[in-house]
Amino acid sequence: DKAICVARWVNDLLVKEFPMDADRIVWIWNGVDESALEGEGDLREEIGLDRSDKVIGYVGRIAPGKNVDLILRALQYLPEEFKALIVGWGTERAEMDNFKRALSEFEGRAIWLGQRRDIGRVYRTMDLFCLPSEHEGNAMVIIEAAMAGVPILASNVGAVPELVDAGMKIEIIRPSAHDIALKAMELMED
């Protein structure tokens with residue numbers, strides 16, 4: 001029998017924390033279905049965004065530890081042309097209530113689309129992808145964003161350091177609204 005892990009750090013954790021021989025563990029990067037990113041165009045016109053808007057996006061679960069509200073709160077430190085685009089859903093009522101409350105504070109600057117199947121169009125709408133999580137395994141959304149050519153901000157958790165080591169261009173952030181805003185401004189100026 002073998003254990004399969006999605007990242008080296010999970011492999012190392014199993015060896016350290018569980019009685020498993022290293023030769024019984026293999027790690028394989030998450031794969032992404034490239035066809036999901038196919039298609040034409042973006043969502044800007046459909047969702048009321050101007051071409052001049054600078055869109056910071058998130059795709060994923062809205063759950064404790066994902067810190068999606070930090071993306072919204074970063075808007076308070078950014079010029080008006082910065083907008084947030086959030087795609088995803090959560091199952092925990094308290095977390096969804098907190099998210100909706102934060103969303104309402106930035107009406108006109110934050111858009112929540114719920115779940116979407118046209119993920120390629122979603123990524124093509126973004127100028128920047130942000131994942132300010134407290135924990136991750138090997139986030140497929142980072143790989144998707146990179147494949148879509150979207151610059152990435154991400155917390156230094158889970159497999160993120162491994163993705164950077166593998167050559168993926170990821171700007172490391174602390175999970176804070178202020179740091180997200182600072183890094184977004186730096187990347188948008190380039």
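Which residues are buried in H4? The views below are of a predicted model, in which local features need pLDDT of at least 70 and side-chain atom pairs count only at pLDDT 80 or more, while totals for chains, interfaces and linings use all residues. Residues are numbered from 1 along each chain as its sequence is written, and side-chain values use heavy atoms, without hydrogens and water.

**View 1. Helix H4, residues 93-105.** Helices (H or I, at least four residues) and strands (E, at least two) are DSSP runs numbered from the N terminus. Glu95, Met96, Phe99, Ala102 and Leu103 of H4 are buried (under 20% relative accessible area; exposed is over 50%, partly exposed in between; 1.4 Å probe, protein chains only). They lie on the same side of H4, because they cover an arc of only 125 degrees around the axis, taken from the directions from the helix axis to the C-beta atoms. Arg93 and Ala94, on the other side, are exposed. The cover over the buried residues includes H3 (68-74), S4 (82-87) and S5 (110-114).

**View 2. The open sheet of 6 strands.** The order is S5-S4-S3-S6-S7-S8, with parallel pairing (at least two DSSP bridges between two strands). S5 and S8 (170-173) are at the edges with a single partner strand each, so one side of each lacks a neighbour in the sheet. S6 (128-131) and S7 (152-155) pair over 3 bridges, and Cys130 stands opposite Leu153 in S7.

**View 3. Surroundings of Ile142.** Ile142 touches Phe129, Leu131 and Ile152, among others (contact: heavy atoms within 4.5 Å).

Conventions: The expected span of a helix is 1.5 Å times one less than its number of residues. Lists of a residue's contacts leave out its neighbours within four places in sequence.
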